[in-house]
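Subject: Structure handed over, with notes

Hello,

The structure you asked for is below. My notes on it follow.

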Amino acid sequence: MKYMITKEECQKAISGVCSRCGGELHPIETVDNADNPTFWCGCESCCHFDNGVSPLVFRIAEALTESGNYPYHHNLPQRTDDEELKKYRISSQNSGNCSIVLQVLNLLEKMKDWPKEKEMENSVLTEIKEFAIKRLQAEYGFCGVVEGPEMVLINSDDGEGKDIKIHIKLESE
Ligand SMILES: [Zn+2]
């Protein structure tokens, strides 16, 4: 029999673990959409075809799922009492989170070529900026900063429903 993808080719293409359960991937004999016999990589423990992700990517994705990040809103695990279905939904969220982790890693790689953000040029305003950031982070644990050569926008919130915004500008008279 002639296979579209042979077992050996399939075996070679496997890299990493199942993006749904972290399980081992194997070549599985099947037919493609045109009904031709072929081998595809898949996971036997969750019965899914999968090309695999690195174990580290899976661990991060699984941690995201465990902390309640569910990219598929129609498939929330907490909306069922059926343990099997819950397991299935969690593995589907894992796989969604794997795509997010991969996108972030790609972006990180691309960011190496991004131009460096320009910092504010005035040294007194820079000191004020640094103080404001440090103080807000110490008090509220979070502080966002948007910066250009002549302005800085700092924002945080007081944890009680109020936004804190500090706009430092260097303007022509
Ligand atoms: Zn699996």
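Of the contacts in the protein with a separation of 6 or more, what percentage is accounted for by residues 24 or more positions apart? The share is 51%, where two residues are in contact if their C-beta atoms, placed from the backbone, lie within 7 Å.

Two points on reading the model. Residues are numbered from 1 along each chain as its sequence is written. The model is predicted, so local features need pLDDT of at least 70 and side-chain atom pairs count only at pLDDT 80 or more, while totals for chains, interfaces and linings use all residues.

Overall form

The protein has four helices and six strands, in the sequence pattern α-β-β-β-α-α-α-β-β-β. Helices (H or I, at least four residues) and strands (E, at least two) are DSSP runs, numbered from the N terminus. The radius of gyration is 25 Å, whereas a compact globule of 173 residues would have one near 16 Å; this radius is taken over C-alpha atoms, and the globule rule is 2.2 Å times the number of residues to the power 0.38. Along the principal axes, the C-alpha atoms fill a box of roughly 80 × 40 × 25 Å.

Domain 1 covers 7-111 and domain 2 covers 123-169, with bounds from an automatic or database domain assignment. Their centres, taken over C-alpha atoms, are separated by 40 Å.

The sheets

Two strands pair if DSSP finds at least two bridges between them; S1 and S2 (residues 37-43) have seven. In this pairing, His26 stands opposite Gly42.

Another open sheet, also antiparallel, has the order S4-S5-S6. S4 (144-148) and S5 (residues 151-157) are joined by five bridges, and Val145 stands opposite Ile154 in S5. Helix H4 (residues 123-140) packs on this sheet and touches S4, S5 and S6.

Helix H3

Helix H3 (residues 83-111) has 29 residues, which at 1.5 Å a residue should span 42 Å; its end C-alpha atoms are 41 Å apart, so the two agree. The expected span is 1.5 Å times one less than the number of residues. Buried residues of H3 include Arg89, Cys98 and Val101; buried means that 20 or more other C-beta atoms, placed from the backbone, lie within 10 Å of the residue's own. Helix H2 (55-66) is part of what covers them.

Regards

Conventions:
Axes fitted to C-alpha atoms, helices over the stretch in contact; angles between N-to-C directions. Buried ≥ 20, exposed ≤ 12 C-beta atoms within 10 Å, placed from the backbone.
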